[in-house]
Every structure is written in structure tokens, then in C-alpha cells.
Amino acid sequence: MKIHNPFRTALVATLGVGVGLLIISAVQGLSTILLYVGTALFLSLGLDPVVSFFERRGLPRWLAVTLTVFGILGLFAGVVLIVLPIIVEQITQLVNQITTVINQLNQQGSYEDFLTWAQERLPGVDVELVFQEAQNFVLSNIQNYAGEVWQFSLNILGGLAGAFIVLILTIYLTASTPHLKAAVNQLVPASRRERFVDLSDQITDSVGFYVIGQVSLGLINGILSFIFLNIINAPFAAVLAVVAFFSSLIPLVGTLTGSILIILACLIPDVGSAQTAIAAAIYYFIYMQVEAYFLSPRIMNRAVSIPGAVVVIAALAGAALLGLLGALIAIPVAASLLIIYRQVIIPQQNER
């Protein structure tokens, strides 16, 4: 009968727990890098069908990747060129209004003259008390405001740096997708390699066509929104069309959320009206029915053929774990798991 040494057992168990904690700590420390890599891998699989399309037309892969990447960058550059002038215009108007107010305040002379001027325009309000309380509030929270502004600036810089890293990784992974697939396939025993290659191709194709399908739905929504919003003279039609495009990239609730934002934007005073908002509401109600029952089933059927309940659960779980990115990748991940379930697990169980 073999006798176990209690000390050795405890030591091995302690080392196992320590290694587990070390792995968890390493994953947490590398969470941002893993998120970048996962995002780039997801995008590269989405671009791979487009690259393959160019390759089938006789182009070398490097040229196909170049055309695809520059096409995507050109699309985003066009979006920026649409939105940026309007943002600059709005900021300019805000600065002019602030400058006008400051000039009016400077014309009042002393602080007492300013209080008299303000009191005349705000009858029934204790202007002096209001300004005193506002001054005390600002002075007591100025350090917090400065810290928040600084943190916001760092987040903006971090987001730009992250986007650049994801772009570089996406280009690299897209260019080297065949080599990466071949390297992974070599890790599988030769007796099972053919089956593994078939399943991996189905999974990667599912992800790629899902990305193309979502982008196609976004383009349809964006283009139709731009046309209709210009017809009804909605404010900032180009910007709202961009909102419609990006919101449609979010599964399940994206189109609804974007439609609500656009309808609310049509109610902006001086540039919108209730009639415009009602027209937009009617249009988006009809469009969501067409998208749900006609466009989405036909476009997405090739990419992800999974039950509706699984789509909802996957999107909610992905959003809870990784936010917006999780909601985007949850559906193709669920489709991949269903492929494995249907073609690997069920046949194995039937053979028993």
C-alpha cells in the first residue's frame, strides 16, 4: 500500500495554487494587450473574405491586403471628413457665444455694476447669492475638475494609441492569416488534421461573413438614412447618417438605439421640429421591420445560422463581460461553439 507524504502533498497543492494565482495575475496584467490582440484577430477574420475575393481575381495577397486596408481607412477618413467640419462649426459657435458674453460682462465695469445688470435681466432671483454659491462650489471642487479633465485627456490619448496598435496588428494578422492557420494546423495530429482544418475554416468563415454582414447592414441603414433625412430636412443629416451606420454595427439593440437618438436630434430647437421627428419615427419604425424580417435574415443567414434565443443570450453575456466589443464578437463565438457542438460533440455521443 502506497503511503503519501502529507508534507509533499501540501507543498504540491500550495505550489499549484500559487501557479494558478500567478497565471490569473498575469492575465489581468495583460488584459489590455489581450483585448487588443482579440480585437485585431476579430477584424482580420472579418477582412479575410474581402482579401480572398481579390485573390480570386488574380491579385497577390500583399496587394489584396493593401487594397482592403486602404479601402477601410478611406471609409473612416470619409466619415471623419463628414463629421469634423460640423463639430468644428458647433465649437466655433459656442466659442463666439462665450466671447460675446465675456465682452458684455467687461462692458459692465465693476462687480456691483455687473450684479445690477444681471439683476435687471433676472428679476425675482437673488443674483448675488447665486453667484456666491457658484463661486464657493467651483473653488471647493476645482481640484476634482482638474483631475477629471487630466484623466479624460489621458483616456483620449490611450484610446488613440490603442486604436493605432489594433490597426497595426490587424494589418499584420490579415497579411499572415494563411501562415497562422498553417502553423496552428501543424499542432494537430495528422490523423485528425483534415477534420480540424475543415472545422477551423468553417469557424473563421463564420466570423468573417458575420463582420461583413453587420457592415452591410450598417451601410444600408446609413445610406438610406442620409437620403431620407435630407428629404425631410432633418438637422445634421450627414452626422445622423453616420450615427445610423455605427449603431447598426451593434447587434439586436443597435438600430433601435440609433433610431431613438436620431429622432431626438430632430427635436432640437431652431434646427428641428416635431413634424420632422414624427416623420423620422415613422420611417425608422418601418425600416426596423424591413431589417428584422427581410434584410437581416438574408444577409446574416450565410454567416451565423443560430437560434434567436442563443443570439440574445450570447449578446447579453458578451456585453456583460467585455462591453460593446463583447456584444459584437459574442454572436460569431456562439456560432463557432454551435459548429463544434453539432459536428464534434453530437457525433461522438452518437458513436458511444
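At 44% relative accessibility, Leu 267 falls into the partly exposed class, a label for values between the buried range (under 20% relative accessible area) and the exposed range (over 50%), worked out with a 1.4 Å probe on protein chains only. The model is a predicted one, in which local features need a pLDDT of at least 70 and side-chain atom pairs count only at pLDDT 80 or more, while totals for chains, interfaces and linings use all residues. Residues are numbered from 1 along each chain as its sequence is written, and side-chain values rest on heavy atoms, with hydrogens and water left out.

Leu 267 sits in the loop between H9 and helix H10 (274-300). Setting aside neighbours within four places in sequence, Leu 267 is in contact (heavy atoms within 4.5 Å) with Ser 273, Ala 274 and Ala 277. Its C-alpha atom is 9.0 Å from that of Pro 235, a residue 32 places away along the chain.

As for the overall fold, the protein chain has eleven helices and zero strands. Of the 352 residues, 29% are buried. Among contacts between residues at least 6 apart in sequence, 65% link residues at least 24 apart. Mean pLDDT, the predictor's per-residue confidence from 0 to 100, comes to 76 for the chain, and 77% of the residues score at least 70.

Next, the packing. A nonpolar core here is a set of buried Ala, Val, Leu, Ile, Met, Phe, Trp, Tyr and Cys residues joined through side-chain atoms within 4.5 Å. The largest one has 18 residues, and Leu 229, Ile 232, Ile 262, Ala 280 and Tyr 284 touch the most other members. Helix H7 (190-231), helix H8 (237-248), H9 and H10 each put in at least two residues, with H10 giving the most, at six. Leaving out neighbours within four places in sequence, Ile 232 contacts Thr 276, Ala 279 and Ala 280. A second, separate core holds six residues, among them Phe 42, Leu 45, Val 207 and Val 211.

H7 has 42 residues and should span 62 Å at 1.5 Å a residue; its end C-alpha atoms are 61 Å apart, so the two figures agree. The expected span is 1.5 Å times one less than the number of residues. H7 also carries a kink of about 25 degrees centred on Phe 196, the bend being the angle between axes fitted to the seven residues ending at a residue and the seven starting there. After H7 comes Asn 233, with a positive phi near 60 degrees.

Arg 61 belongs to helix H3 (residues 61-106) and is buried, at 15% relative accessible area. Its side chain makes a 3.0 Å polar contact with that of Asp 48. Not counting residues up to four places away in sequence, Arg 61 touches several others, including Val 51, Glu 55, Thr 174 and Pro 178. Ser 176, in the loop between helix H5 (127-175) and helix H6 (177-185), is buried too, at 10%. A polar atom of the Ser 176 side chain lies 2.7 Å from the backbone oxygen of Tyr 172. A polar contact means a pair of N or O atoms within 3.5 Å; within protein, one must be able to donate a hydrogen and the other to accept it, and residues adjacent in sequence count only if both atoms are side-chain atoms.

How values were computed
Helices (H or I, at least four residues) and strands (E, at least two) are DSSP runs, numbered from the N terminus.
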